[in-house]
Amino acid sequence: MGRPRKPEDQVRTVKVPVQCTPDEADEIAYRAKIARLPLADFVRVQALADRSTRLTSEARQQLREHLLSRKLDKAAPSKMTRLRPQRTVQLHIRFTALEFASIRRRAEAAGAPYARYVREACLGRRPRSKPQPVLVLQTFLRETAAIANNLRQIDAQFPLKVYGRAATYVGGELPKAVYRRAEALPIIAAQLDAINGAGVLVNGIARRANMGKRPTGEDVAMAMDALRTAFVPLARFTDGKLPPPPERRFRGRPYDGWQSKGRRPS
């Protein structure tokens, strides 16, 4: 007879790649050795614990001696390595769906990507949860920066004033206007889903533009309308200014710039 099958909620089907520098990977492995746990079990325990496990004074001394011996054994790092250590080691750890959902909630509360949260928890420096206003502002800035970057990518492939103006507004003018404005935070929180939806539309156009596919007037009109709708409640912080409206003529045709120049396609 074969082994009895585990219930589905106990099967570890989610593989999480945790990127580390060689030194970080070595420290995590040594911490697992001190805890007398296999590496994967140690990572899971630390990631799912409410707080990082405190080492005893003897274990801390062992860890310090081990890390010091590692530094003495290695050659002096180059200047670039000292400035930006590269995370070239990947630890692939499996979690159940419930475990992974718990980790994602903890990471979101701390305002960190889940892979970074797992790594920092294993190194004994778990990211602390951040106040909700900070998380809202961080999410907003991340979304607007991504949208502005996508608009610049489209503009690089198919130059048109509407893309450059929208990128300047979304990536510069609006974030500067609402930054450190406490009264803007509730409005930003209410509009995050709409901003994300507009960003998905712009990202789709950018992906096609990077493949050499010219966006249609319909696509651009839809994305720009979504941007304007998402940012309308925030317009009072920019003196009523919004992203530029799309040209509505010649819907469905390639949006190649003749709309703004008053020339009809042949």
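At roughly what angle do the axes of helix 9 and helix 10 cross, and within what distance do they come? In this predicted model, local features need pLDDT of at least 70 and side-chain atom pairs count only at pLDDT 80 or more, while totals for chains, interfaces and linings use all residues. Residues are numbered from 1 along each chain as its sequence is written, and side-chain values use heavy atoms, without hydrogens and water.

The axes of helix 9 (residues 185-210) and helix 10 (residues 217-231) cross at roughly 155 degrees and come within 9 Å, where axes are lines fitted to C-alpha atoms over the stretch in contact, with angles from 0 to 180 degrees between N-to-C directions, and helices are DSSP runs (H or I, at least four residues) numbered from the N terminus. Helix 9 is therefore roughly antiparallel to helix 10 (angles over 145 degrees count as such).

The contact (heavy atoms within 4.5 Å) involves, among others, Ala198, Val202 and Ile205 of helix 9 and Val220, Ala223 and Leu227 of helix 10.

The lining of the largest cavity comprises Leu151, Ile154, Tyr163, Val202, Ile205, Val220, Ala223 and Met224, a cavity being a set of points on a 1 Å grid over the protein atoms alone where a 1.4 Å probe fits but cannot get out, with lining residues having an atom within 4 Å of a point. Helix 10 supplies the largest share of this lining, 3 residues.

Methods:
Helices (H or I, at least four residues) and strands (E, at least two) are DSSP runs, numbered from the N terminus. Angles under 35 degrees count as roughly parallel, over 145 as roughly antiparallel, 65 to 115 as roughly perpendicular and the rest as oblique. On a 1 Å grid over the protein atoms alone, a cavity is a set of points where a 1.4 Å probe fits but cannot get out, and a pocket is an open set with protein on both sides within 12 Å along at least five of seven lines; lining residues have an atom within 4 Å of a point.
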